[in-house]
Amino acid sequence: RAQSIPYLDRPPSPLEFYREWVSPNKPCIIQNAISHWPALRKWTSAYLREVVGPKVVSVAVTPNGYADAVFQDRFVMPEERQMPFTDFLDIVEKKVTSPNVFYVQKQCSNLTEEFPELVCDVQPDIPWMSEALGKKPDAVNFWLGESAAVTSLHKDHYENLYCVISGEKHFLLHPPSDRPFIPYELYQPATYQVSEDGSFEIVDEKSADKVPWIPLDPLNPNLEQYPEYAKAKPLQCTVKAGEMLYLPSLWFHHVQQSHGCIAVNYWYDMEYDLKYSYYQLLDCLTKTVKVL
């Protein structure tokens, strides 16, 4: 039986959050943690047009919605297109049609770097999390994209607070302990580039090292190719507008969204403690057993 992710009906105290969730590395969905954010009522398409306007921002563009994912035996990264934000909104709102898939997803703390005019509608950090961890977030990211944009299964070395402003996000999660059942392969890194006729070609990054990535689609796993994955225990959850997912460090996650979903997330660097060392050990053992 698939376990479900617990809900908290209010933001926790820093100590409670550290004890109950961060230290045991367990996910939860927190309600009423961002109800006071002006963004929840203000961030309509019309407001974003007015406040951000035609400013040029980074947009990930792919032919198929899969950025940073395995395709044709490559690890393919999106075209990073610099485009006026209003042009991007025209595509998301289907005022302009495009055969490609667009996603504002640049994870360089793009909320503070590219959308500073929006920071005042949210918070620069989550106070109880900053207090619990004794640090401020490394990055605050803004996400807005089409429903065809999918984030492939991966993990991050961050404690992640993922806040949905409008629409909803669908997460599929695996705990770090599922590492032995999740396949990794090494791939030549490549990037989508637009040719003269508007079609995409996949161009290898010549001098770059190979990238370890997960080739499996957890929503439609090829168990003949990856029989071990049958032993893994995925958790699925939907995070709705006004809710916040605590996604613990090193948890694998695959993400989909409703069309035009808007979210903001906070990345706090993890503690490289015993938990991390045990994960590294599990990773090394898994690789060694595979070689044997």
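Of the 292 residues in this protein, 50% count as buried. Buried here is under 20% relative accessible area, exposed is over 50%, and partly exposed lies in between, with a 1.4 Å probe and protein chains only. Keep in mind that this is a predicted model: local features need pLDDT of at least 70, side-chain atom pairs need 80 or more, and totals for chains, interfaces and linings use all residues. Residues are numbered from 1 along each chain as its sequence is written, and side-chain values use heavy atoms, with hydrogens and water left out.

Next, overall shape. The C-alpha trace spans about 55 × 50 × 35 Å along its principal axes. The radius of gyration is 19 Å, which agrees with the value near 19 Å for a compact globule of 292 residues. That radius is taken over C-alpha atoms, and the globule rule is 2.2 Å times the number of residues to the power 0.38.

Now contacts, meaning heavy atoms within 4.5 Å. Take those with a separation of 6 or more: 81% join residues 24 or more positions apart.

Secondary structure: 7 helices and 19 strands. These are DSSP runs, numbered from the N terminus: helices are H or I, at least four residues, and strands are E, at least two.

On to the cysteines. How many disulfides are there? The count is 0, taking a disulfide as a pair of cysteine sulfur atoms within 2.5 Å. Cys28 is in no disulfide, and its nearest cysteine sulfur, in Cys237, is 10 Å away. Cys28 is buried, at 0% relative accessible area. Cys120 is exposed, at 58% relative accessibility. Its sulfur lies 16 Å from the closest cysteine sulfur, in Cys163, too far for a bond.
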